[in-house]
Amino acid sequence: QDRLSSLRLDRDGNVRDKVQGHALTINWEIGDATLRSITGYRKWDNVIDSSDLDGNGGLVGFLVSPAILVPPNAFIPQGIGAIDLFHTSNERHQKQFSQEFNLIGSIGDQFDYVLGAYYFRERATEDNPQGFTLVLPSPVPIPIAPGVNLNSFGVNVDTLLSYRHISQSMAAFGQATWKPAALDGLSITGGIRYTEDKKHLIQSSPVPPGPRDLTRKFHRVNWLANIAYSWTDDIMTYARASTGYKAGGFNARAADDIGFNPEDLTSYEIGFKSELFDRRVRFNVAAFHAIYDDLQVQQFLAGTGGASSTTVNAAKATYTGVEAELMARLFDGFTVDGSIGYTDRKYKKFMFVDPVTGVSSDISKIAKFQYSVATTANIGAQYETAVGNAGNFIARVDWSYRSKVYWHPVNPFNDAIADGGAGLLNARVSLADIPVGGSKATVSLWGKNLTKKDYMLSGIDFGGLGFAGVMYGDPRTYGVEVGFK
């Protein structure tokens, strides 16, 4: 597929986002320990007046009443009319509150510890009307003009998704580090955490999958073990094993009332960290192996109920990889940096229920990891120098790369809309710390995607509706920024 420079849309309206966030941190020194309180509040309001995703504005066709979709499936012609393959509007609101307490301290020179408790509560609502045209085959030719027959017809359908969702999470945790006096440079860390989650979905949609009122609770105990050894002040190696947990819950767009189960992770990592040549060179490398049980995977669906998704637990998956980063100050003011990462991802088992046939099968050999790439890389260079009393001159150029990416685990057009490898070249020139009265200013000239690479940000496979689409990233862009502090 090719990137289009323009799209013809039937409707495309304003998008309004309002985000506010507040945080309060209080530290109280108690002898050799610190009692810390971290309070957070965040709120988001989002309204999408209308959004047309098909790019086929002005398209018309022969229409039939939606009565054909329900028994007795009456065929009621509506003549030639506008066809809108998919459009939607949305109103979403979300707010969350979190409170964490930490007791941070040490016992002598050999023990450091952290004890903590955590609480989180989130409320979210969404009202999402959708409109789309189902294109269906006709069992007999449909005459619309002398000598002109059609073998298909369209059905314009409107649906509404509306729900409230409440999430609550509580946790208690502790972590301690022991530095044996007899082995200078060695540190051993252990940690444990208990988490309890509750998910509550209230759905009022007049069409499936609502209305419904669903609640599930989950809990886990997770642990961490880490051993590190500093061979010198500049070289350290470590080995770590830990477990992780992501709560289960409900997908308001899925038709099932059971929801999905928690996702569990067991992770192993070894690494090397260093700062060499009088701290002019930093080199870090790590290798890891992660085992996911009941990995949560979203599957996008489309049909007579509109665009929807379901969340499934894809049994077991593994991630095995290596990451390395290098930063070198070649001479005063000039620094080069680079990083590379490779991850081998495999599904060990992935039971998939075909939405058309209802048949379950193991698709672990063909399923893709969505929004996930095997290889990432970055290389950059930066030069910085003082310009008399005028400020600091900073020039940077960098190139980043990611390999092929898929947008769905398995869908009819998944391969067709996948994006191959993409490399982006960016540059920025700044004059920073310019004295302006009692303040400082920064003026920057920047350019992104300087080689005008066509690359994708996401894709949607409307398989059940017979088409798919992708969203591209920005073309070459450039601009000027002025900031004060």
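**Close-up 1. Strand 25 gives the most to the nonpolar patch, with 3 residues.** The model shown is predicted. The patch covers about 640 Å² of nonpolar surface. Its residues are Val429, Val436, Val443, Leu445, Val480, Val482 and Phe484. Strand 21 (422-436), strand 22 (439-448) and strand 25 (477-484) are the elements that each give two or more residues to this patch.

**Close-up 2. Val482 lies in strand 25.** Val482 is one of the residues that make the nonpolar patch. Its relative accessibility is 53%, so Val482 counts as exposed; the cut-off for exposed is over 50%.

**Close-up 3. Four aspartates gather in a patch of negative charge on the surface: Asp184, Asp233, Asp234 and Asp278.** Asp234 sits in the loop between strand 9 (212-230) and strand 10 (235-246). With a relative accessible area of 37%, Asp234 is partly exposed.

**Close-up 4. Phe111 and Trp178 form a stacked pair.** The structure holds 12 aromatic pairs. In this one, the ring centres of Phe111 and Trp178 are 6.5 Å apart. Their planes meet at 15°, so the pair counts as stacked; the limit for stacking is under 30 degrees. The pair links distant parts of the chain, 67 residues apart. Phe111 belongs to strand 6 (residues 111-145), and Trp178 to strand 7 (residues 148-178). Phe111 is partly exposed, at 37% relative accessibility. Trp178 is also partly exposed, with a relative accessible area of 37%.

**Close-up 5. Tyr and Phe residues form one aromatic cluster.** Its members are Tyr292, Tyr319, Tyr347, Phe350 and Phe369.

Technical notes: Residues numbered from 1 in each chain as written. Predicted model: local features only at pLDDT ≥ 70, side-chain atom pairs only at ≥ 80, totals over all residues. Heavy atoms only, no water. Patch = residues over 30% accessible without salt bridge, like charges linked within 9 Å, V, L, I, M, F, W, Y side chains within 5 Å. Areas by Shrake-Rupley, 256 points an atom, 1.4 Å probe, with all protein chains shown as cover. Salt bridge = Lys/Arg side-chain N within 4 Å of Asp/Glu carboxyl O. Helix = DSSP H or I, 4+ residues; strand = E, 2+ residues; numbered from the N terminus. Buried < 20%, exposed > 50% of the residue type's maximum accessible area, 1.4 Å probe, protein only. Lys, Arg positive; Asp, Glu negative; His and termini not counted. Charge placed at Lys NZ, Arg CZ, Asp CG, Glu CD. Phe/Tyr/Trp six-rings, centres within 6.5 Å; stacked < 30°, edge-to-face > 60°.
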